[in-house]
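Open your viewer and get ready to select a few residues. We will take the tour one stop at a time.

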Amino acid sequence: MKKNIYAVISGAVLLFGAAACAKAPSVEEQAKEAAPSAVQAAQKPSSGKKILVAYYSYSGNTKAVAGQIAQALGADLFEINTVEPYPASYGDLLDKAKQEINSGTKPALSARVENMAQYDVVFIGSPNWWGTIAPAVSSFVSQYDWQGKAVAGFVTHGGGGMQNCERDLKNQLSGATFLQWAAFPGRSLGADAEDLQAWLNKLAL
Ligand SMILES: Cc1cc2nc3c(=O)[nH]c(=O)nc-3n(C[C@H](O)[C@H](O)[C@H](O)COP(=O)(O)O)c2cc1C
């Protein structure tokens with residue numbers, strides 16, 4: 001069953017993957033800050049909650065949405081990076097990702113969040129990879145204590161939407177409380193500003 005789903009999805013993935021590859025995620029591009037489309041100016045939550053936006057992004061889409069969220073909320077940003085880079089070839093990337101997901105591999109990460117205890121709310125962003133979260137995001141969440149934290153997950157995707165991302169990530173966040181989660185179509189310029197704002201408004205932070 002899983003294989004069939006992957007087979008169906010891979011068509012869409014390859015389509016969107018071509019777009020991702022065309023964007024050629026060079027070192028320079030990856031180093032560039034996310035260029036968020038216009039989302040309402042930073043409004044620090046009146047509650048005084050301290051917010052972190054942590055994300056993994058291979059080709060920049062999730063990074064762009066993370067940047068929009070951080071800008072809108074005046075939150076801190078943390079990019080999840082693996083020690084070993086993923087393949088530049090899209091075909092090899094698909095294979096490597098599938099193999100890691102199927103084997104439950106948690107790749108080593110290059111940095112940790114300093115003083116995670118200070119954050120009341122954590123946004124966790126991932127691309128949808130084979131219907132679930134990217135393995136680097138599993139590595140990230142396995143490193144911290146989620147007891148008492150409010151978590152809002154967000155995903156960018158190539159047409160499949162949230163699929164199992166929310167379920168699979170929530171299962172790894174023992175002790176957290178959950179805000180509403182969101183999925184956005186993967187676009188290098190970030191999420192539609194109105195959709196993003198509507199979601200953030202619902203969270204009432
Ligand atoms: C290994 C891999 C697997 C993917 N699997 C799916 C999928 O199952 N469903 C889907 O809608 N998109 C899938 N995509 C497309 C990505 O979710 C989409 O392009 C996303 O916005 C990429 O985010 P990023 O630019 O932050 O890396 C996949 C992409 C890759 C690289």
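Is Gln163 buried, partly exposed or exposed? Gln163 is partly exposed, because 19 other C-beta atoms lie within 10 Å. The cut-offs are these: buried needs 20 or more other C-beta atoms within 10 Å of a residue's own, exposed means 12 or fewer, and partly exposed is in between, with C-beta atoms placed from the backbone.

Before moving on, please note that this is a predicted model, in which local features need pLDDT of at least 70 and side-chain atom pairs count only at pLDDT 80 or more, while totals for chains, interfaces and linings use all residues. Residues are numbered from 1 along each chain as its sequence is written.

Stay with Gln163: its phi is positive, about 40°, although it is not a glycine. Gln163 sits in the loop between strand 5 (150-157) and helix 6 (165-170). Helices (H or I, at least four residues) and strands (E, at least two) are DSSP runs, numbered from the N terminus.

Next, select Trp130, in the loop between strand 3 (121-129) and strand 4 (132-133). Trp130 is not a glycine either, yet has a positive phi of about 50°. Trp130 is buried, with 21 other C-beta atoms within 10 Å.

Now select helix 3, residues 61-73. Of its 13 residues, 12 are buried, including Asn61, Lys63 and Leu73. These buried residues pack against several elements, among them strand 1 (51-56), strand 2 (76-80) and helix 7 (193-203); contact means C-beta atoms, placed from the backbone, within 7 Å. Finish at Gly74, which follows helix 3 and has a positive phi near 65°.

Terms used:
The expected span of a helix is 1.5 Å times one less than its number of residues. Two residues are in contact if their C-beta atoms, placed from the backbone, lie within 7 Å.
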